[in-house]
Amino acid sequence: MNQFTGSINEFHSCSLESLYLNQNRLHGHIPRSLFQQVNLLFLDLSSNSLSGVVGFDQFLKLNNSSCRIRDFPNSLFLVEISDNQLQGLVPIPPPSLIIFSMSNNQLAGNIPSQICNASALKVLDLSNNTLNGSLPPCLGNFSENLLVLDLQNNRLQGMIPIFAKLKSLRILNFYDNQLEGPLPQSLLICKELEILNVGKNKINGSFPNWLESLPKLQVLILRSNRFYGPVGDPTARFPFQKLRIMDLSNNNFTGHLPRKYFESLSAMMESHAGEFGYMELEYSYYYTESVMVDMKGLYTKLEKIPKIFVFIDLSRNQFLGEIPNLIGMLKSLHGLNFSHNELSGSIPPSLRNLSNLEWLDLSSNQLVGVIPEQLADLTYLQFLKLSHNKLVGPIPHGKQFNTFENDSYIGNSGLCGFPLSKTCNNEQEQPPSPTNVQQAEDDGFEWKFVWMGYISGLVIGLSIGYIVLSSGKFDHWFSQCTVRRMWYKLNARLRGKRN
């Protein structure tokens, strides 16, 4: 990365093969002479402040140029012009293109159907623009080579087309558009699919349980759509074996939590401690998958997805019934969100087994009973929200529980103890620890010997005094005063020790 500034000057030669000016501070228009480079293979102008309109059709208009280009150059492999301020329509890529990324610009209009002629494409990224209209029907079958189709954060409408040829597709991201209708079951042809993100659209229908048959699916995001009905039981023998992220939040799912699916989420049960890095493609230098997640109470954009990142979000639905104990089997979970449902019953103590858990949100349900003391064993827990339930009893203390504030517990009138202002009564107070009990017993044991020592000394002293007094060797009045003074002192010391 450099810090070059200014604009890109016109080129006086037509022999350029590669141009990498990415991650600078360049501005202005892309020079016209750049489109006269007949031998150009790689073009990367990403992460600048370039503006204006770009169109690859300019290659076709250069018959009168000094380079005499009459045909579209078929040698171009890479066009990476993302993260600029480019405007206009989506340019039509040459058929030789392998990577085409114009994300994070100001492109508008429809996606042209001619884009399907780029049959060599492996990465098509037009995300974060203002594209509108419907998806061209050919988009689902234009290339068997396509690995990435990313159109997130646009204004696309209509239905998702039928997928017929995208057998190599690994990432499909339509997040944050206005797509509607059902999720096409033809996606089953995409056996290599790892990430499916159709969140924040208007897609409807029942839970697409047929997705459980995709053997490599790791990320499933259906958040903020119009799905409805029970999630139900799996139909495949080994459903969602590799799933690490499951986000079904903000829909209209009903019924009990999908217990049978929880039993099958093998990737969430395994330890990923030795897995470093991020989910990546072989073209990860030019494309990295990002995802929006509700993490610790805030919607956060992960620019890359860590391999160890595992979470379930079923919040803002209409699930009912109890939280199954077997949720404690998903030991690699980093986040768990069941908030804003109609769940009842108690909080299962088996949650203590989620040793990697960083955030837990069970708020706005109908949960009853006490907060399990075992949750204090979750040493990585940074965010806890149990508010607006019907929980009672003392709040566990120690470790991470000493870091949570009132917001974690509000709306539970039966809770008491730190950090709430309501203190617990004697019946609810925690019993003293074994250490304190032993200390008290030890102290009592020591005082027994002290008391025995004082009594023995007193008896011996009185006996000697009696002998001395009876012998007539001391004045009787002086002797009585001395004994009485010793008795007062002894009693005063004993009272002070007991108090």
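Colleague: What does I312 touch, leaving out residues up to four places away in sequence?
Modeller: I312 touches M246, F262, L265, M268, L330, L333, G335, L336, N337 and F338. Contact means heavy atoms within 4.5 Å.

Colleague: How many residues are in the largest nonpolar core?
Modeller: It has 102 residues, and I312 and F338 have the most contacts inside it. A nonpolar core is a set of buried Ala, Val, Leu, Ile, Met, Phe, Trp, Tyr and Cys residues joined through side-chain atoms within 4.5 Å. Buried means under 20% relative accessible area, exposed over 50%, partly exposed in between (1.4 Å probe, protein chains only).
Modeller: A second, separate core has 21 residues, including I171, I305, F311 and W359.

Colleague: New topic. Is S363 buried or exposed?
Modeller: Buried, at a relative accessible area of 1%. S363 sits in the loop between β28 (359-361) and β29 (368-369). Strands are DSSP E runs of at least two residues, numbered from the N terminus. Among the contacts of S363 beyond four places in sequence are S339, H340 and K385.

Colleague: How many aromatic pairs?
Modeller: The count is 11. Rings of Phe, Tyr and Trp (its six-membered ring) pair if their centres lie within 6.5 Å; planes under 30 degrees apart are stacked, over 60 edge-to-face, the rest tilted. F42 and F77 are edge-to-face, 6.2 Å centre to centre with 65 degrees between the planes.

Colleague: Why does the pair of F42 and F77 tie together parts that are apart in sequence?
Modeller: Because F42 lies in strand β4 (residues 42-44) and F77 in the loop between β5 (49-53) and β6 (78-80), the pair joins parts 35 residues apart in sequence. F42 is partly exposed at 27%, and F77 is partly exposed at 34%.

Colleague: And confidence?
Modeller: Mean pLDDT, the predictor's confidence in each residue from 0 to 100, is 82, and 80% of residues reach 70 or more. Residues 59-72 stay under 50. Residues 427-499 are below 50 too. Where pLDDT is low, the predicted coordinates should not be read in detail.

Terms used: Residues are numbered from 1 along each chain as its sequence is written. Side-chain values use heavy atoms; hydrogens and water are left out. Helices (H or I, at least four residues) and strands (E, at least two) are DSSP runs, numbered from the N terminus.
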